[in-house]
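Here are my notes on this one, in the order I'd go through them at the screen. I start with the helices, then move to the sheet and the ligand.

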Amino acid sequence: MLCPREANNVTSDLIELGKMLHKTSGLMMDTDKTYLVESRLAPVLRRTGLADISALLKTIKSGCDPALKQDVIDSMMTNETFFFRDRAPFDNFRDVFLPNLMEARKDERRLRIWCAGASTGQEPYSLTMILDEEMRKLAGWHVEILATDLSSTAIARARQGCYTQFEVQRGLPISFLLRYFVNEGEKWRINEYLRTKVQFEEFNLLSDFGHYGQFDVIFCRNVLIYFDLETKKDVLRRLGNALAKDGILVTGSAETVVGLSDTLIPHPTLRLASIHRPCTAVKMPIFAAPTRRLQ
Ligand SMILES: C[S@@+](CC[C@H](N)C(=O)[O-])C[C@H]1O[C@@H](n2cnc3c(N)ncnc32)[C@H](O)[C@@H]1O
């Protein structure tokens, strides 16, 4: 049991940690959830031999361990993800966006896709598997898939493309597991061909992303949900700028652009999938609903 003075110190440490996280990543930390913060930071304390959060903050401020701040941020991130999460966005990607974009880009034969907040890679690899299935139609096309995340640990895992039995059992059709993964004892590794199709990078969405250029499809799912209102608006505004005029932004099922963006609106026919397009689009094609589900 902490005495009132110790309890006050813990609270002020949590507030300071919360401010640092918010400033660096946009993450809104719930300071009431002391147990959650402590359990996430426990491995960092063990690794560094530091006694508590207060010592951790002091060491970060001293600047004597430059990697420590990133380590703390990584530990505080929620990296929850799985293959073909929510299914509908992937069905829509294959049956609706891809055919429409292929028609619209048939002269330049070039597609650019960005998974922003890709965590450990299941989302970009799910898209890559779909693209591989459509390979015959995409012969001669230049397709780029960029996958970024703030967490260096998540991106390192994504690059390795190595998953546990539990992870491949979540959402991945068995036929895809057999076709695209190589069994390595208790793990499954995505095959080399698909792995090299995705370009993974550490990247903070709070930074300027103008250098990435324009994308036809952006998946930014279950990331905005952790940001405060102003950060959501700012990131959405810049994501809108990074979208081609007929591009698509796919957000998570609990995320919306309504009231947060002047340039992005819910898709007219696929509302349930939380799909948005710039309202500056010249013409809104009437999309059909997806015709098939993943087997
Ligand atoms: C819950 S996961 C979502 C993963 C995947 N998009 C999905 O829906 O399955 C959220 C991811 O967003 C990343 N993230 C949080 N804040 C970020 C930021 N400021 N810039 C980039 N990525 C961020 C986290 O590291 C985490 O991997």
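1. A term first: a crossing is called left-handed if the near helix is turned anticlockwise from the far one by less than a right angle, and right-handed if clockwise. Keep in mind that this is a predicted model, where local features need pLDDT of at least 70, side-chain atom pairs count only at pLDDT 80 or more, and totals for chains, interfaces and linings use all residues. Residues are numbered from 1 along each chain as its sequence is written.

2. By that convention, α3 and α4 make a left-handed crossing. Helix α3 covers residues 53-62, and its axis comes within 7 Å of that of α4, at roughly 135°. That makes α3 oblique to α4. (Under 35 degrees counts as roughly parallel, over 145 as roughly antiparallel, 65 to 115 as roughly perpendicular, and the rest as oblique. Axes are lines fitted to C-alpha atoms, for helices over the stretch in contact, and angles run from 0 to 180 degrees between N-to-C directions. Helices are DSSP runs of H or I with at least four residues, strands are runs of E with at least two, and both are numbered from the N terminus.)

3. Now α2 (residues 34-48) against α4 (residues 66-76): the angle is about 150° and the axes are 8 Å apart. That makes α2 roughly antiparallel to α4. Here the crossing is right-handed.

4. On to the strands. There is an open sheet of three, ordered β3-β5-β4, with antiparallel pairing (two strands pair if DSSP finds at least two bridges between them). β3 (162-164) and β4 are the edge strands with a single partner each, so one side of each has no neighbour in the sheet. On average, neighbouring strands are turned by 30° against each other, direction ignored.

5. β4 (residues 181-184) and β5 (residues 187-190) share four bridges. Val182 is bridged to Arg189, and Glu184 to Lys187. Two residues sit between the strands, and Gly185 has a positive phi near 65°.

6. Which residues are closest to the ligand? They are Thr81, Gly117, Ser119, Leu150 and Leu205, out of 25 that surround it (a residue is near if its C-beta atom, placed from the backbone, lies within 6 Å). The shell has nine nonpolar, 11 polar and five charged residues; Ala, Val, Leu, Ile, Met, Phe, Trp, Tyr, Cys and Pro count as nonpolar, Asp, Glu, Lys and Arg as charged, and the others, Gly among them, as polar.

7. Finally, where does the ligand lie relative to the domains? Domain 1 (4-76) and domain 2 (88-278) both contribute to its shell, so the ligand lies between them. The bounds come from an automatic or database domain assignment.
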